[in-house]
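User: I'm new to this structure and would like a close look at a single part, the sheet in the middle of your notes. Could you walk me through what it pairs with and what surrounds it?

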Amino acid sequence: MSFIARNLAERIATEIETDHATLLGGTKAADIRELLELRGILLFPRINLTDAEQLAFSRTLGELVEQGDKGLYKVTLDSKITPTAEYLRGTVLWHFDGFSDDVPARASILTARKTSPVGGQTEFANTYAAYDDLPAARKEALGKLRVVHTMAATQRDVFRDAPAAMQAVWASFPPKVQPLVWTHRSGRKSLLLGSSADWIEGMDKAEGQALLAELHEWTTQPRFVYRHEWHVGDMVIWDNCGTMHRVEAYPDDSGRMMHRTTLVGEEPIA
Ligand SMILES: [Fe+2]
């Protein structure tokens, strides 16, 4: 059994060197969960799990979201394989998954099956660290704000000339109001941002959007960000409650294929 963890950057991301038996046996599951919350991103370079192994390993960490084929969702721009591929275009913008959920997914586990010759790398930002580094007075002021998240906000910057029918579909998703600062059960706090953050409740719309833009810029500073350059066989886990992520645009016909499993959420946003 081997399990060696080393930090990739000061404020985010840890690389873990281990083996299949250790992952599948679940003996390190509690350590992995703890490290994930602490570091935001865990990388298992070229671990090369099969689909069955990815599912089995994911189940050692928690309950799986029902998605795709028996819990395994194929992230691809090919809509013949994944009918919801069109929505993935919005993932080039910083976001967390499931903005409209009361209890957002705990974490996602992503394995690279085929990389794109251009683009397709993924960036992650630590929203705990971004909050921690704010001045005390700012933390207090931001702690009072509530943000309205909408589907339209996640799509409109990607489909700039969206026809009315498309906009009507976006509008059919109910907006979701969330606190700007998430106070976790652990007592730690994180900024809750992402492309779905559309405006701030009770604030002039333009003023609120300017504040959201400023906070996005703050949170995605290099010191809070880890950029992963994928190799086939890599596995990355992100804490969906303490990070945001985005993918670099890649060509429709690149063949890029990632397999994702997702852990059911455990903590309501508060
Ligand atoms: Fe995502």
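Analyst: Let's start with a term: two strands pair if DSSP finds at least two bridges between them. The strands themselves, and the helices, are DSSP runs numbered from the N terminus, with at least two residues (E) for a strand and at least four (H or I) for a helix. Keep in mind that this is a predicted model, where local features need pLDDT of at least 70, side-chain atom pairs count only at pLDDT 80 or more, and totals for chains, interfaces and linings use all residues. Residues are numbered from 1 along each chain as its sequence is written.

Now to the sheet. Three strands make it up, in the order β12-β6-β14; the sheet is open and the pairing antiparallel. β12 and β14 sit at the edges with a single partner strand each, so one side of each has no neighbour in the sheet. From one strand to the next, the twist averages 20°; the angles are taken between N-to-C directions and run from 0 to 180 degrees, with axes as lines fitted to C-alpha atoms.

Look at β6 (residues 122–126) next. Four of its five residues are buried, so the rest of the structure largely encloses this strand. Buried here means 20 or more other C-beta atoms within 10 Å of a residue's own, exposed means 12 or fewer, and partly exposed is in between, with C-beta atoms placed from the backbone. On one side, β6 pairs with strand β12 (residues 225–228) in the antiparallel sense, over four bridges. As background, strands of a sheet pair through backbone hydrogen bonds, either parallel or antiparallel.

Arg223 is partly exposed, with 13 other C-beta atoms within 10 Å.

Not counting residues up to four places away in sequence, Ile41 touches Ile12, Ala13, Phe124, Tyr226, Val236, Trp238 and Thr243. Touching, or being in contact, means that the two C-beta atoms, placed from the backbone, lie within 7 Å. Ile41 also stands out in the largest nonpolar core: of its 52 residues, Ile12, Ile41 and Leu191 touch the most other members. Such a core is a set of buried Ala, Val, Leu, Ile, Met, Phe, Trp, Tyr and Cys residues joined through C-beta atoms within 7 Å.

For another sheet to set beside this one, go to β8-β7-β11, also three strands in an open, antiparallel arrangement. Its neighbouring strands are turned by 35° against each other on average, direction ignored. Strand β7 (residues 146–149) pairs with β8 in the antiparallel sense over four bridges, and Val148 is opposite Val177 of β8.
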